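Notebook, one sitting with the model open.

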Amino acid sequence: MAQAPKRKEETVGKEMTGDEALAYVLHELKISKTFVSPEVPEFLREKLKGNHVEMVEAPSPRDAVILADSYARSGNDLGVALVFPSARILEAIDVVAQAYSDSVPLLIIGTLRSYRDTGRARLNELRTQDDVMASLAPFVKTRERVVTIEEITEVLEKAWKDALSNRPRPVYVEIAEDLFRLKAYPLATAGQKVEKRTPDKATAAKVAELLVNSSNPVIVAGYGVLASQAWDSVKELAELLDIPVVTTIRGKGSIPASHPLFAGEGLGLFASEGASHFLDKADVVLAVGTRFTQASTGGWSFKFKGYVVHNNIDGEDVGKVIVPQVPAIADANLFLREVIANVKQKVKEPIDRGTKSEVFAYRKSPSSESHSGLWPIDMLYALSKTGYEKVYVDLSSTTFDLIRLPIERPFQWVTSETALTPSVAVGGVVLSGNPNVVGVTTLEGALRNFGVLRSFMNVAKGKLIIANDGGSTYLDTFRSDVPSIGRKGMPNYMDEVLEGSFKAITVETYGELVSALSESSDSLVVINAKLAEGFKSTVLPS
């Protein structure tokens, strides 16, 4: 990104080293928290502290990215990870890839040992200076390298904007370490704004016409509703036209579970009873901010009989699973506001189709067959009984039943529908600082995130449930597109490891689980929930 030297009046008016400029720009972008790997040098830490940028120390580069990812997922804020040198970022490439697929905004800042004399086999350096960027290319929205102090502002501000604009995703910035020993005048920030794609007015008018004239419309609310903060718009449109709302797995919280128009979650074979009823008879389906993922649709086992309107932020996923009669490429909230404005021109008073009483008739608690020992559904029952302010879940064969948890607020439920790596639950709960936050992970999730869990054991709060099948099951998509429970070998619950390393409370019954969840503690409580051999799921086929 070579550029002509800037006049002094275009700069901040103060000469700075590269580390000073980096800390200054992060502060100017209102980034108040970063997650740093152990190798981040002390002189940069001092500059960050001086600019009121909080640093959360992670035990490894991978853990820094995990924590930034969990922070971003918790409220769709930008998660910032400083990982030095950049080659260490490759330890977390699965976390970055999962964030990319799940549309999570991350700013990952790494360092290049030197941009001047490459290829000299420096410590912590790959074969060429472009190898890290090339490895990250499929999993980041943009990637930029900074080789002058003047560029730090321009590149970081652009990266910040790119990460949050339209479809949020990870971005990568690489800064040459040479700059930390040099001085120059960094540029002032340009005051860039996050961009949101505006809707086509004719499309919005057509959608409004379809909804007003339909007999059985349904709204399917995906994660895009949360990402664009469109939950009030979903509720307003639903109430105006008396439309039932079904959410995807990640879209839970788009409308409160207690709202009289919330009809359930999931599509196809994974739909709740109410969701299945309304979708089966729908003559117009308004799908907002969803990708129709394999997880939410039961392996795409759904069919819509009526018109389909598919709203998505950039068209990347429109037409891949189902070809809509009306594609609507726009920010979900801006699109819904335009639709609502058109509806209000046609409808002066809210419509009453009798939907609320129909929804109520299908509102039932999940049930399971009689069983002994602990099953996944028992975790749902226990959490419903003891309560929770926020839930982080790593979707797996042992946790999938939790998609039926009632969720009342946006971002009260946090998960990944990509399920590349079980990092969401541990990362979320160790950062929460709230005793009423719950994370639910697997045995693999606890062991793979051993370092960060151990490091935060004495400062974190809340409950972490390890849905422990002893490694005997997995989420099987080999036999069919419909995810099911795959089984393998004899379980090895590793009780001694979990109890010794995490002071885990081992439970084997529903009553013991409720008791452990009810335990009051000023520190993190880890619960080793030993699932019975041969357990069944109320959602997944066996």
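**Second largest cavity.** I started with the second largest cavity and listed its lining: 15 residues, of which S86, L112, E125, L126 and V132 lie nearest the centre. Strand 5 (106-112) and helix 5 (131-136) are the elements that give two or more residues to this lining. My classes were: Ala, Val, Leu, Ile, Met, Phe, Trp, Tyr, Cys and Pro nonpolar; Asp, Glu, Lys and Arg charged; the others, Gly among them, polar. I noted a volume of about 100 Å³ for the second largest cavity.

**Ground rules.** The model is predicted, so I kept to its limits: local features need pLDDT of at least 70 and side-chain atom pairs count only at pLDDT 80 or more, while totals for chains, interfaces and linings use all residues. Residues are numbered from 1 along each chain as its sequence is written, and side-chain values use heavy atoms, with hydrogens and water left out.

The search ran on a 1 Å grid over the protein atoms alone: a cavity is a set of points where a 1.4 Å probe fits but cannot get out, a pocket is an open set with protein on both sides within 12 Å along at least five of seven lines, and lining residues have an atom within 4 Å of a point. Grid points are joined across faces, edges and corners, and a volume is the space filled by probe spheres set on the points.

**Largest cavity.** I counted 4 cavities of 30 Å³ or more in the structure. The largest cavity has a volume of about 350 Å³. Its lining holds 27 residues, and S103, R167, Y223, G224 and G289 lie nearest its centre. Two or more residues come from each of helix 8 (223-227) and strand 13 (307-312). Helix 8 gives the most, with 3 residues. By class I have 7 nonpolar, 13 polar and 7 charged residues in this lining.

I then looked up the largest pocket, with a volume of about 840 Å³. It is lined by 39 residues, and L395, T418, A419, L420 and L475 lie nearest its centre. Helix 4 (93-101), helix 15 (443-448) and strand 19 (473-476) are the elements giving two or more residues to that lining. Strand 19 has the largest share, 3 residues. The lining of the largest pocket divides into 15 nonpolar, 14 polar and 10 charged residues.

The second largest pocket comes to about 620 Å³. Of its 25 lining residues, E265, K364, S365, P366 and R404 lie nearest the centre. Strand 11, helix 10 and helix 13 (376-386) each give two or more residues. Strand 11 supplies the largest share, 4 residues. I recorded 12 nonpolar, 7 polar and 6 charged residues for this lining.

In what order do the strands of the open sheet run? I read 11-10-9-12-13-14, 6 strands with parallel pairing; two strands pair if DSSP finds at least two bridges between them. Strand 11 (262-265) and strand 14 (326-329) are the edge strands, each pairing on one side only. The twist averages 20° from one strand to the next (axes are lines fitted to C-alpha atoms, for helices over the stretch in contact, and angles run from 0 to 180 degrees between N-to-C directions).

Strand 10 (residues 245-247) is joined to strand 11 by 3 bridges, the two running parallel. Across this pair, T247 stands opposite E265. Helix 9 (residues 231-241) packs on the sheet and touches strand 9 (217-221), strand 10 and strand 12 (284-288), its direction making about 170° with that of strand 9; contact means heavy atoms within 4.5 Å. Helix 10 (residues 273-280) lies across strand 9, strand 10 and strand 11, at about 110° to strand 11.

**Single residues.** I found a cis peptide bond between F84 and P85, with omega about -15°. P85 is in the loop between strand 4 (79-83) and helix 4. F292 has phi near 55°, a positive value in a residue other than glycine. F292 sits in the loop between strand 12 and strand 13.
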